[in-house]
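Here is a set of questions and answers on one structure. The sequence and model come first.

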Number of protein chains: 2
Amino acid sequence: MASTTTKTGEPFDRAQLESLMRRRLFYTPSFEIYGGVSGLYDYGPPGCSLLANMVDVWRKHFVLEEDMLEVDCTMLTPHEVLKTSGHVDKFADWMCKDPKTGEIFRADHLVEEVLESRLKGDKEARGQKVEEKEDPKKKKKKVKEIKAIQLDDAVVTEYEEVLAKIDNYNGEELGQLITKYDIKNPATNGELLPPVSFNLMFQTSIGPSSNMPGYLRPETAQGQFLNFQKLLEFNQQQMPFASASIGKSFRNEISPRAGLLRVREFLMAEIEHFVDPEGGKKHPRFNDVRDVKLELLNRDVQLSGKTTVETTPIGEAVDKGIVDNETLGYFLARIQQYLLKIGADPKKIRFRQHMANEMAHYATDCWDAELLTSYGWIECVGCADRSAYDLSVHMNKTGAPLLVREKRAEPLKVEEWQIDVEKKKFGPKFKKDGKTVEAAIEALTQDMREKLSLDLKNNGKITIDVPEVGEGKVELGTDLINIEKRTRVENTREYTPNVIEPSFGIGRILYSIVEHNYWVRPGDEEGARGVLSFPPTVAPTKVLLVPLSTHADFAPLVKRLSLKLRKMGISSRVDDSSASIGKRYSRNDELGTPLGITVDFESVQKGTFTLRDRDSTKQVRASEEEIFAAVQSLCEGNETWAEVSKRLPVFEGQQLE
Amino acid sequence: MASTTTKTGEPFDRAQLESLMRRRLFYTPSFEIYGGVSGLYDYGPPGCSLLANMVDVWRKHFVLEEDMLEVDCTMLTPHEVLKTSGHVDKFADWMCKDPKTGEIFRADHLVEEVLESRLKGDKEARGQKVEEKEDPKKKKKKVKEIKAIQLDDAVVTEYEEVLAKIDNYNGEELGQLITKYDIKNPATNGELLPPVSFNLMFQTSIGPSSNMPGYLRPETAQGQFLNFQKLLEFNQQQMPFASASIGKSFRNEISPRAGLLRVREFLMAEIEHFVDPEGGKKHPRFNDVRDVKLELLNRDVQLSGKTTVETTPIGEAVDKGIVDNETLGYFLARIQQYLLKIGADPKKIRFRQHMANEMAHYATDCWDAELLTSYGWIECVGCADRSAYDLSVHMNKTGAPLLVREKRAEPLKVEEWQIDVEKKKFGPKFKKDGKTVEAAIEALTQDMREKLSLDLKNNGKITIDVPEVGEGKVELGTDLINIEKRTRVENTREYTPNVIEPSFGIGRILYSIVEHNYWVRPGDEEGARGVLSFPPTVAPTKVLLVPLSTHADFAPLVKRLSLKLRKMGISSRVDDSSASIGKRYSRNDELGTPLGITVDFESVQKGTFTLRDRDSTKQVRASEEEIFAAVQSLCEGNETWAEVSKRLPVFEGQQLE
């Protein structure tokens, strides 16, 4: 895994960024004063604001732009729903227990770590350089010690092959690997029990009696599926349409690691786009995105053991069948546009197709938008074609009509063998068995009907099986039935929509965006300083207001500017602490605040203010009106700093940094 | 309980409103196709949007306006945290089980219902008119049948007294009432077991082993308290400050009822305002709200058995001690301002002080903002003074310094008896017991030290109790210790802040606001129609765009207007269905859309549009520019419809309704 570089091309130092994020309270381990709980994190004020801004952009980019129907469904979900959806049986990881110590390991992670450590030991023994893949402290590695033992060349190859496919083994296969490679508890060398399945849903009980088991939802999708019928009705029966939902979901990880990337409670934003499975899943707006270029890593390339991405316009990818259909392609392009809007580095985005055995149980095709971080390429958005799976299973289970009925433009003509029953004679003849016999007739297939029509024609009677009646056979003559080939006209078409599901892990995107926007400004006497160059749209605070000193003349001015910004809908914060202006600005560079307005004596006397750009630390000075117009234009993305600093007089008077 | 009236003064029909809310998908029972789960509801598109707008206004009104520190903490909470906070022991209701049928009743609700039904039966027997308090179907009453049996006058009085205090009984007392009044399972007349406590938190288990029990949080507050130290640091040690959090909380109700008002999963918005307990809990902005008038129902009035509210300016209420302090008073006023902003009916708001035994275990004082609905006065916002309770218990449990250290303006001088120990001689004399003896000296109170100083002066030695050493007493002479009165100077002050907590039940407010804004427009040939007169700020959609017909010329115009509104940040929806314009508008009156723009042939030819007001159904016609300016001005609350319709030419051309 390549070590990443910052946006200024310097080596990325994760420990440094994490220290910044905790110091500035972007996030913090939950319940830390109680020792913390792994996989649970709280967002502090800047993280919370960044999250809210990302969600706000998401809502505008997807929900409002495309008139999606947003819903807010409960997290508590009764057992039966998730049994039907398949999550009770299949939403699980494999875990191994050490019966002596009681320790529990996630089986695939353990195999991965042990084999990787052996390969490292082999390299050491061969005198090769060993590159640290990751900060061991952060990953809470089980394997603490690398032993320099040389392996056979064949074993090295075998290990490497296993590691390449580590996501694809089931429990039994992992158990075989553990036996074959003699993998034990790395700390105690104790034998492990064979892997058992561990369901990743948090279980609870709804109500005072214990007869309603439930779970915390593992995804927001199910609530949307269950409401399909009502949503279609709300949409006045028009197809296609999409629902959307933003909310927390839960996953009881066996051993969470990698900070914000693998957590037990997380914010998701999911779209369920319902589309007619016939006609190639076209999308009415596909032409708007046809030329958007994506970095695609398809299934075939991966199967050949490579990770070469191809830059492909999405139109071409759909035309060539690399991406299955327009709707899937449309969303891949829209996902990329969203990621760029909130500040993802275009060089660190790719779309990877899932391998057949890697997909969730409900998916028929799936592409992940992956963002490159110091942890490697991270799945941040999944875009799956769930086909008709979910609507079908819930409809089969409950009988609710989760389907679309539409008037056919052209009535459908179906040629078929129909059987007419002479009701008047039927009743007297079969009495109480009449209905059973009729049902048996109704159930006859077209092929059987065709054959029986010949029998009836030739013999004047037929015999059919009706196990429930008499001796199991019933004889019917031409006086009772008639079999004819006729044309039936269908005016209504019924179908179960397919679902294309873009599913966003907001916390993962947040962490990746922070990495993408982090860099270090070369130091002065106070040392190097971190900067988070968020685009204004998502920056936690847009403007810092800094009075030059605690002089009494500044306070009323600062208050007025602050009110004015609030009225404009631009978030600002005042820093009137006694720290130097330079310190106050560098604190806010760490918080990612793009703009700063200094209030000084000239502001009091002449009504002019300086405006500072976070990234260049350059300043301009102008009238209040001009400064506010520039702030608005920069925040709305209508102008860049380069443009503003050409327009307005550069200011170099104060020594701020 | 008084039956309520709509804003136009007509009797309120709840069944009618609920039918509207479900039909228009404001909300719907969760998992309905699986039979539903009581106490769980999903919000559909208009409900979801209304909720999001209410939250948005909340964030601006509180978080941004007052620079609160917003945090987003996890819902999953380990057992230990909620044990310390008191929720494991005290967050419970009392339930009674019928051992034969297995049915479970919430004890206070059962007593209430049975006594109420007996009182009704008594009235019937006396030939008095019985008023239905509530729609029985909605409340899922246990008592199905009222028996007309006359009671003794004394019994009637007794029942009425019990009912007035029904919220104040503990489990034992409820058990005594059940025995005394011979209350049984209303359906089967079966004996009930005595009430047992049922904890209202949903329990689960975190991680793969079963050694970390946890709960879904019952409030967002605990996460804020646990992060106090970090938030204070983030706020650069400045006091007072407030944190805030918006998120779901959970309450495993024994038998949820009353629709959206008592649910198991709900959205809360909570503020924790941390304030110095010394100096009367002043608030710097109190003067801004001093004259705001509130309807107050204080504890004393309620104790006297009355519900008379007094209209009081909050300044006066604090001055008179009706409301304990400025900070509490400030938030009561701000809460009212918020409720009015989102459309609460000013005549249906009151503030009720909690009775001493009604308060949550952590509160020392509490006022509820109650909104009048057809279910009676509903607690929608609690504003509690939690004192130092939470920070203290968590600090005691974990040792984390959840306190404020501040430099004293004037150093504090403390006169006290200090004891000096001659360390050099101490060690050799007491050897291994040295530390124990020193600790015993350290623990001596000021009073004891004063007395001992006299002994030492008079006798040259003293005797102190040290149970752990030798025979339990130790003799110390002037060679070993010295006791003197000296002045100690304290430059730093340490204190645990008190917490004022405004806590908003967003779902309850939403339901109440919907009731407050609902009315029925007198019917035409299609019958009476419901209207939801939401203020534009919270209305799910601000503008409906209606092409006169499906004529091809209209579509591009509609699309352009829609884009323009989106750019202005004003949410709109197009209804280009083939329904009549009148039908399309009345559908959107039910959704609460305040404005409508019709695109007709004159729009195509002359570029003018009509703008319709939901409440009056009146229209004006003007140029695109003028119409958009009016829309913006109406949505931002800068103008009323009355003003706009005076400015712009009234339009009566089309017959729309």
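Q: In which sense do strand E12 and E14 of chain A pair?
A: This is a predicted model, where local features need pLDDT of at least 70, side-chain atom pairs count only at pLDDT 80 or more, and totals for chains, interfaces and linings use all residues. Residues are numbered from 1 along each chain as its sequence is written, chains are lettered from A and ligands numbered from 1 in the order in which they are written, and side-chain values use heavy atoms, without hydrogens and water. Strands (E, at least two residues) and helices (H or I, at least four) are DSSP runs numbered from the N terminus, and two strands pair if DSSP finds at least two bridges between them. E12(A), residues 293-297, and E14(A) are joined by 2 bridges, and the sense is parallel.

Q: Which residue of E15(A) is the bridge partner of A:Ile349?
A: E14(A) and strand E15(A), residues 365-373, run antiparallel and share 5 bridges. In E15(A), A:Ile349 is partnered by A:Leu371.

Q: Is E14(A) largely enclosed or open?
A: Buried means under 20% relative accessible area, exposed over 50%, and partly exposed in between (1.4 Å probe, protein chains only). On one side A:Ile349, A:Phe351 and A:Gln353 are buried, and on the other A:Arg350 and A:Arg352. Since 5 of the 5 residues of E14(A) are buried, the strand is largely enclosed.

Q: Which residues of H8(B) are exposed?
A: In helix H8(B), residues 171-180, the buried residues are B:Gly171, B:Leu174, B:Gly175, B:Leu177 and B:Ile178. On the other side of H8(B), the exposed residues are B:Glu172, B:Thr179 and B:Lys180.
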